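The model goes here first.

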Amino acid sequence: MTIRLENIGICYIVGDYRNLGLKDYVIQKLRGQYKAKEFWAVEDVSFELNPGDFLGIVGNNGAGKSTLLKAISGIMTPTKGTMEIGGQIAALLELGAGFDGEMTVKENTFLRGALMGYTRSFINDAYPDIIRFAELEDFQDRPFKQLSSGMRTRLAFSIACLVRPDILILDEVLSVGDGSFKAKSEARMKEIISGGATTIFVSHSISQTRSLCNKALWLDKGKQIAFGDAKDVIDMYETFLKDKKKL
C-alpha cells in the first residue's frame with residue numbers, strides 16, 4: 001500500500017463574521033442567532049493505491065479534484081477521515097509554486113530540488129537531464145519570471161519526474177505545452193508507471209486519462225461516484241456526460 005484514504009472530507013466555513021462586520025457578528029453571537037455555513041468541497045472519499053498504480057481523477061469543474069490533491073499532498077488538512085501516505089511526494093499543483101521569480105532557471109532547479117529533499121550532489125548529476133528534458137538549454141541563466149507558462153511547466157515537470165519520487169501528483173500540467181512536449185510527457189509518465197511510482201493525475205482530457213491510467217476516481221460535487229478500473233469508471237463518466245448533453 002502506498003496511499004490509503006478512508007472517508008476523507010474537507011469542509012469550508014463560508015459564512016463568517018467578515019461578511020457581517022464585527023459588531024453585527026458579536027450581537028448575533030450573543031443572541032444565539034449566528035450560524036456559520038458549511039460547504040463540503042470533498043465528502044466521504046475512500047480509495048487505496050499500490051506502488052505503480054496510476055490514478056486518474058475525473059469530474060466536472062467544482063467536483064473537488066484539486067482540493068483532494070492538496071489534501072493528499074499535505075497542503076491542506078482534511079476535516080474528517082484518515083490518510084496513510086507511504087513515500088516521498090512530488091506535487092505539481094500550481095505553475096510557479098516553489099520557484100523564485102528573481103532567481104535564474106538553474107538556481108531555481110537547485111532550489112526546487114532542495115525543497116523536495118534531494119541533495120546538491122544528486123541535483124548536480126540530474127541537472128543536465130532536467131534542463132534537456134525541459135528544452136531550456138538556452139534559458140538556464142534567465143530569471144524564472146521571464147519564462148512563459150509553458151516553459152515553467154516544463155521545468156517543474158522535468159524536476160518532479162527526473163528525480164523519481166515515490167508518489168507523483170499532477171494537476172492539469174500535461175495539458176500545457178505544444179504537441180511534442182505533451183507526447184514526451186505522456187511517454188515519461190508511462191516510464192514512471194513501469195518504474196513503480198504511484199501517480200495521481202487530474203486532467204480534463206478523457207483520452208489522456210484513459211491512455212495513461214490503470215485506475216480512476218470519479219467525483220461529482222465533492223462526492224465519490226465510482227472508483228476502480230480506469231476503463232470501467234471512464235466509460236461510466238463518458239456515458240454520464242453524453243446523457244447530460246441530451247437534457
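Below are my notes, ring pairs first.

I'm working from a predicted model, where local features need pLDDT of at least 70, side-chain atom pairs count only at pLDDT 80 or more, and totals for chains, interfaces and linings use all residues. Residues are numbered from 1 along each chain as its sequence is written, and side-chain values use heavy atoms, leaving out hydrogens and water.

I looked up ring pairs: rings of Phe, Tyr and Trp (its six-membered ring) pair if their centres lie within 6.5 Å, and planes under 30 degrees apart are stacked, over 60 edge-to-face, the rest tilted. By that rule I get 9 aromatic pairs. One of them is Trp218 with Tyr237, edge-to-face at 5.5 Å centre to centre and 65° between the planes. Trp218 is in strand E8 (residues 215-220) and Tyr237 in helix H8 (residues 230-246), so this pair ties together parts 19 residues apart in sequence. Helices (H or I, at least four residues) and strands (E, at least two) are DSSP runs, numbered from the N terminus.

Together with Phe240, Trp218 and Tyr237 make one aromatic cluster.

Next I checked charges over rings (NZ of Lys or CZ of Arg within 6 Å of the ring centre and within 35 degrees of the ring normal). Arg120 has its charged end over the ring of Phe110, 4.8 Å from the centre. Lys184 lies over the face of Phe133, 4.7 Å from the ring centre.
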